[in-house]
Number of protein chains: 2
Amino acid sequence: MLSLTEENYLKAIYHLSGGGVKAVLTNELAEAMSTKAASATDMIKKLAGKSLITYEKYYGVNVTSQGKTAALLVVRKHRLWETFLVQKLGFHWDEVHEVAEQLEHIHSAHLMDKLDEFLGFPKIDPHGDLIPDNKGRIKTQPQVALDQLKSGYHGVIQAVRDSDSNLLKYLDKIGARPGIRIKVLGKEDYDESMEIVIDDKKVFVSKEVSQNILMTI
Amino acid sequence: MLSLTEENYLKAIYHLSGGGVKAVLTNELAEAMSTKAASATDMIKKLAGKSLITYEKYYGVNVTSQGKTAALLVVRKHRLWETFLVQKLGFHWDEVHEVAEQLEHIHSAHLMDKLDEFLGFPKIDPHGDLIPDNKGRIKTQPQVALDQLKSGYHGVIQAVRDSDSNLLKYLDKIGARPGIRIKVLGKEDYDESMEIVIDDKKVFVSKEVSQNILMTI
DNA sequence: CATATTTTTTAGACTAATCTAAATTAATTA
DNA sequence: TAATTAATTTAGATTAGTCTAAAAAATATG
């Protein structure tokens, strides 16, 4: 059984990796956990020893399928508790995070199945995120090209359709890599170019580019 | 804020002391916590340093009113969660303890008030125990003399009416001290003597004795 | 009442998770 | 490509909670 700290690190790795899409660096992880790189290194070794992640010195961390399942079971608990807090206890959506961060570490599969049933087997949580099932599986979201996304919506880059190296270099330059979240600010009717937010930076991309970025929403 | 371990020790002290009625010895506490006396001593010093208990070397521990309040707030959480598990999630009463032991350590007064409201402000939990209010107060239960108790019922010794030293010596001999739980097995119609259980031992007591033992049920 | 036994405390060590500071490796730049 | 800088790892220390073994205090016994 994982300790509370191990679960929190694993969940952070899962999220930082964009759901297992890309590697996570030690400093990224340390910052996400509000701790120091040395502490992150120690925990990385521990989780690698439990086969939840793979670790190559100086090159970062990837979640294994076992680690992904474990992370998704924590995510499931978090999202079911948030749903409970909002739907049954009348919490506002912005009050639930801190408490759900605690509740997600309660160890009882039976409890979560009962809660799931009590809530009517919800598919999404109050923030619109998908709730994984009790085997740690999350419905693979259908991929959508970025140009199909409406203003205000956001998604995570899953893949790039065209493998032209000029496109990939350009995407790399603007920070558009798999696992990265994009928000659509607006679309120009004239040329169908889009203004999007990547890493808190606003960028304009042409229709040719946005057609080639595959996202999950 | 108390750590999970501190909360568990404090709760154990509260219960072993019969709700603050009598002192708790180091070995008792160690056994209740499934740990060693040395560990109990360490934690006792820590809790005494936080003014939750008073501690006199070699003579045991007493909860302060501050400690009592803190313990009762944990008890409140435990009992509200048990009520939730049984009434809302359909748990059986014998499945709830382990999960409630975890849930009672979630830190959020707001959550407990909301849960209390959701459950309709229950006064007792599924085991029939009183639920303390959100200030850590528990309704003082009316005292009842042991001879008024019916078969099958149980209660905790709160005080002894007669201070005759022969009576007290006798009570001490059969293990009937304040804070100790008694269960009534049966009553003889002939002389109104009672068969009771104290510390898993069956004992017969006369009406003269049972009239003088004041209990809370 | 002196000795033996039990209970409790103290001393020192161990693990998990953390930190700082130093050393090492990788990446960047001149 | 050599030197500099940035990222990462290692080494050693710290805290909370635990343990074992030894010392000290209280209690029981002869």
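This is a predicted model: local features need pLDDT of at least 70, side-chain atom pairs count only at pLDDT 80 or more; totals for chains, interfaces and linings use all residues.

Colleague: Why is helix 1 of chain A called roughly perpendicular to helix 4 of chain A?

Modeller: The axes of these two helices of chain A come within 9 Å and cross at roughly 105°. Angles of 65 to 115 degrees count as roughly perpendicular, so helix 1 of chain A is roughly perpendicular to helix 4 of chain A.

Colleague: Which residues meet in the contact of helix 1 with helix 4 of chain A?

Modeller: Helix 1 of chain A brings Glu7(A), Leu10(A), Lys11(A) and Tyr14(A), which meet residues of helix 4 of chain A including Gly67(A), Ala70(A) and Val74(A). By class, the contact has six nonpolar, one polar and three charged residues.

Colleague: What makes a residue part of the surface near DNA strand C?

Modeller: The C-beta atom, placed from the backbone, must lie within 6 Å of the strand. DNA strand C is surrounded by 19 residues, the closest being Ser3(A), Ala38(A), Leu25(B), Asn27(B) and Ala38(B). Helix 3 of chain A gives the most to this surface, with five residues.

Colleague: How many residues of chain A and of chain B are in contact?

Modeller: There are 14 residues of chain A in contact with 14 residues of chain B. On the chain A side, helix 6 of chain A gives the most, with four residues.

How values were computed:
Residues are numbered from 1 along each chain as its sequence is written. Chains are lettered from A and ligands numbered from 1 in the order in which they are written. Two residues are in contact if their C-beta atoms, placed from the backbone, lie within 7 Å. Axes are lines fitted to C-alpha atoms, for helices over the stretch in contact, and angles run from 0 to 180 degrees between N-to-C directions. Angles under 35 degrees count as roughly parallel, over 145 as roughly antiparallel, 65 to 115 as roughly perpendicular and the rest as oblique. Ala, Val, Leu, Ile, Met, Phe, Trp, Tyr, Cys and Pro count as nonpolar, Asp, Glu, Lys and Arg as charged, and the others, Gly among them, as polar.
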